[in-house]
Amino acid sequence: MNKIFMLFSLGTMLCLASCESEKEKEHEVETNFLVTSPIQKDTTIIKDYVSQIHSIQHIELRALEKGYLQKIYVDEGQYVKEGQLMFQIMPAMYKAELQKATAETNFAEIEYQNTKSLADSNIVSKNELALAKAKLDKAKAEQAMAEVHLSFTQIKAPFSGIMDHFEVRQGSLLDEGDLLTTMSDNSKMWVYFNVPEAEYLDYKASLDKSSMLKVNLMMANNKLFDYPGIVETIEADFNNETGNIAFRATFPNPKGLLRHGETGNVQVNRPINNALLIPQKATFEVLDKNYVYVVDKDNIIRSRQIKVAAELPHLYAISEGLEIGDKILLEGLRKVKENQKIEYTFLKPEVVISDLGLYAE
């Protein structure tokens, strides 16, 4: 019985010793942290600006004459060509006015020719001939005016573009100036975005006078538009309330994907020389300020505030707080405390960035 008890006790001790050994190994694994350093290289950051997309031409089509809307030749959303007939206002009254004006012109022409014959024979004075000529000119002017009024009963496309929805329907009684529809030329798009004063000054200082800023457009579905744009225009004045100035970029739109009134984000690529880069996951925030844990020569960690100059995918460009040779805690930030001594494995920053699947060029 004593032998059995001794064997059981020995087995229990071996088991406990084994468990303690496993716990120690697990503890060693948990306290062996990964550490890296900042890397310095030239890179490019992408700056996003909220934007509004406009057609290069977006106009209202309005009735120029009174009357009933007799016919609509187009449909909503249809692409129409320049000069294509779109609306017809009932022309009967305007045709009658033109016929009347034409008859008066013919009468004035005959009267003028008769007066001219008499004047050539010195039967009537030159003043009477001048009066006959003035009557003829007046009649011709009234005829031309009647022709213009008649032409206004046909509303044609002023340029090639896309129709919007109808504001009236066939048979509507129109007054002069009534809105019929709107029309957009989407062959090119103007994209407006606001730039802060400091970034505007940096842009003007860095850009060659002979070149133009090229930008990209991120659409509302988070997909990049196929064609890049060029900033061609900057407004004259800053907005005193926001401190911003409006830029206008022109984008080609050969597939007609962009429409008037859309929104998106204009992306501006800004190069940074000798940028100091660290992984975002190596940082933590306290009261809207960014910090990292720096490992000193005695393997003791201490928090240090940093200033983020720019944000890249999974990376921060740092302007203050770190230097090239500093060692920073890469993972396990929530498992450590201030002034704690740790054991670590150092990873080269090139390896860390490669693992993130990024390219900092």
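Q: What makes up the lining of the largest pocket, by class of residue?
A: In this predicted model, the lining of the largest pocket has nine nonpolar, two polar and five charged residues.

Q: Why is Ser55 called buried?
A: The relative accessible area of Ser55 is 5%, and the term buried applies under 20%, so Ser55 is buried. This residue lies in strand β2, and, not counting residues up to four places away in sequence, Ser55 touches Ser184, Asp185, Asn186, Lys188, Met189, Trp190 and His260.

Q: Why does Phe193 count as buried?
A: Phe193 has a relative accessibility of 2%, which is set against the cut-off of under 20%, and therefore Phe193 counts as buried. Phe193 lies in strand β9, and its contacts, leaving aside neighbours within four places in sequence, include Tyr49, Val50, Val231, Ala246 and Val266. The C-alpha atoms of Phe193 and Ala246 are separated by 5.6 Å, although the two residues are 53 residues apart along the chain.

Q: How do you know that the span of helix α2 is close to the expected one?
A: Helix α2 (residues 92-120) has 29 residues, and it reaches 42 Å from its first C-alpha to its last, which is close to the 42 Å expected at 1.5 Å a residue.

Q: Which residues of α2 are buried, and what do they pack against?
A: In α2, the buried residues are Tyr94, Leu98, Ala101, Thr105, Ala108, Tyr112, Thr115 and Ala119, and the buried residues of this helix pack against α3 (126-151). An α-helix has 3.6 residues a turn, so residues three or four places apart point the same way.

Q: What makes β6 and β8 edge strands?
A: The open sheet of four strands has the order β6-β5-β3-β8, with antiparallel pairing. Both β6 (154-156) and β8 (173-174) pair on one side only, and they are the edge strands.

Q: How do you know that β5 and β6 pair?
A: Pairing requires at least two bridges, and three bridges join β5 (residues 85-89) to β6, so the two strands pair, running antiparallel. Gln88 has Gln154 in β6 as its bridge partner.

Conventions: Residues are numbered from 1 along each chain as its sequence is written. This is a predicted model: local features need pLDDT of at least 70, side-chain atom pairs count only at pLDDT 80 or more; totals for chains, interfaces and linings use all residues. Side-chain values use heavy atoms; hydrogens and water are left out. The expected span of a helix is 1.5 Å times one less than its number of residues. Buried means under 20% relative accessible area, exposed over 50%, partly exposed in between (1.4 Å probe, protein chains only). Contact means heavy atoms within 4.5 Å. Ala, Val, Leu, Ile, Met, Phe, Trp, Tyr, Cys and Pro count as nonpolar, Asp, Glu, Lys and Arg as charged, and the others, Gly among them, as polar.
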